[in-house]
Structure formats: C-alpha cells, structure tokens
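Hello,

Here is the structure I promised to pass on.

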Amino acid sequence: MPFAAAAGKMKTARQITFVGLGASGHVASDACHKFFRLGIPCTTALDTPGVLQQASVCQPGDVFVAISHTGRWPEMIRGMRLARARGAETIAVTDADSPLAQVVGLIFPSHADEDTSVYTPMSSRLAQLTLLDALQVSVALAVGPKAENNLRSTKAALVQERYETGANS
C-alpha cells in the first residue's frame, strides 16, 4: 500500500477533495471530517455535478481521493481523469482491477466480497474506512507537530463548548 507516497502528497496539499458516489459518499464524508482536523483544507464531492465541477477547477497542489467499491462509475472515472489532466494528484481506494484504478496516480486496493446490487454495502465500507483511517495517521505523522497541535485544538474546542453549554455528551 502506498501510504508514504500518498502522505507525502497530502501533507502539503492546497486542498484535499474526497470523492464518493452512492454508499461510498458516506465514507468520503467521514474521511473529510477526519482529515480537516490535521489543518489541511478538505472538501467532498458526493454527486456527479460536484465531482465534475470540482475537477474542472482544481489546480496543481490539490489532491483528489476517489472512494468506490466497484470503481466503475463513469462520472467518477471522468472526474479523476479531468483532475489529473489539470495537475491534481489522484488517489483511489477501490478494486485494483477496476477502471478507476487505471486512471489514478496511486491506488489503495480494496476488494470486499459483496453484491452491492442486492445488499447495502457494509464490508466494503468497513474496508475503505480502515484504509482511510490508516492513511490519516500516516499523514498526521508526516505533517508532524503541527498536526498534533491541530488535533488537540479541535478536541479542546469541543471540550470548551461542552463546558460553556453544560452539555454532558
């Protein structure tokens, strides 16, 4: 798995865009929520227009992370091609044999045995979440003390909010 290479690109990213369509959109949202706390601007693209429009205005220094169990969404593939053509780094968490894997710069192979045409994906989402959690730790270590300080600050902000409002949860 290319953790070091991906962390090297992500630690200095101008912006990271997490892309997920369908059930993978929930995974993309979760990743965005985790990564922004490192102090790196993050966003999500969770529908076809969002993927294509964000890819059409990206710049060198941006990183797109596409998340897809099957890696067969034509719009996602088109968006990753467009982002790469505009100079963005592209990473995918997907099946290594998928069309999406063929158009990105770095691939985190993720293959869970499930039929998403019948069942709501579960094992694939758990595999994707696990890979993205490990990647977030790799990026945090690559960023160093600044990431640690940002993580502490975001946690402290929540603790302070609970104290001021009297909330217990």
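Contact here means heavy atoms within 4.5 Å.

Before going further, a word on the source: this is a predicted model, in which local features need pLDDT of at least 70 and side-chain atom pairs count only at pLDDT 80 or more, while totals for chains, interfaces and linings use all residues. Residues are numbered from 1 along each chain as its sequence is written, and side-chain values use heavy atoms, with hydrogens and water left out.

**The cores**

Met10 is one of the residues with the most contacts inside the largest nonpolar core, together with Ile16, Phe18, Phe35 and Val65; this core has 27 residues. At least two core residues come from each of helix H1 (3-10), strand S1 (15-20), helix H2 (24-35), strand S3 (62-67), strand S4 (89-94), strand S5 (106-109) and helix H6 (123-143). Another core, of 17 residues, lies apart from it and includes Ala45, Val51, Leu100 and Val103.

By nonpolar core I mean a set of buried Ala, Val, Leu, Ile, Met, Phe, Trp, Tyr and Cys residues joined through side-chain atoms within 4.5 Å. Buried stands for under 20% relative accessible area, exposed for over 50%, and partly exposed for anything in between (1.4 Å probe, protein chains only). In soluble globular proteins, nonpolar side chains tend to be buried together.

**The overall layout**

The protein has seven helices and five strands, and from the N terminus on its elements run α-β-α-β-α-β-α-β-α-β-α-α. Helices (H or I, at least four residues) and strands (E, at least two) are DSSP runs, numbered from the N terminus. Of the 169 residues, 41% count as buried. Among contacts between residues at least 6 apart in sequence, 68% join residues at least 24 apart. The accessible surface comes to about 8700 Å², and 55% of that belongs to carbon and sulfur atoms; accessible areas come from the Shrake-Rupley method with a 1.4 Å probe, and for residues only the protein chains shown count as cover.

S4 is mostly covered, with five of its six residues buried. S3 and S4 run parallel and are joined by five bridges; Val65 has Ile91 in S4 as its bridge partner. Between S3 and S4 the chain passes through helix H4 (residues 74-85), and this β-α-β crossover is right-handed. That term applies if, with the strands pointing away from the viewer, the path from the first strand over the helix to the second runs clockwise. S4 is also joined to S5 by four bridges, and these two run parallel; here Val93 has Phe108 in S5 as its bridge partner. Two strands pair if DSSP finds at least two bridges between them.

**Salt bridges**

How many salt bridges are there? The count comes to five, taking a salt bridge as a side-chain nitrogen of Lys or Arg within 4 Å of a carboxyl oxygen of Asp or Glu. Side chains of opposite charge can pair when their charged atoms come close.

One of them joins Arg14 and Asp62 (2.8 Å, N to O). This pair links distant parts of the chain, 48 residues apart: Arg14 is in the loop between H1 and S1, and Asp62 is in strand S3. Asp62 is buried, with a relative accessible area of 2%, whereas Arg14 is partly exposed at 41%.

With Asp30, the closest N and O atoms are 2.7 Å apart; both residues lie in helix H2, four residues apart, about one turn of the helix. Lys34 counts as buried because its relative accessibility is 17%, while Asp30 is partly exposed at 28%. With Asp133, the N to O distance is 2.5 Å. That pair links helix H6, which holds Asp133, to helix H2, which holds Lys34, 99 residues apart. Through shared partners, salt bridges join Asp30, Lys34 and Asp133 into one network.

**One last residue**

The C-alpha atoms of Leu141 and Lys11 are separated by 9.3 Å, and the two residues are 130 apart along the chain.

Best wishes
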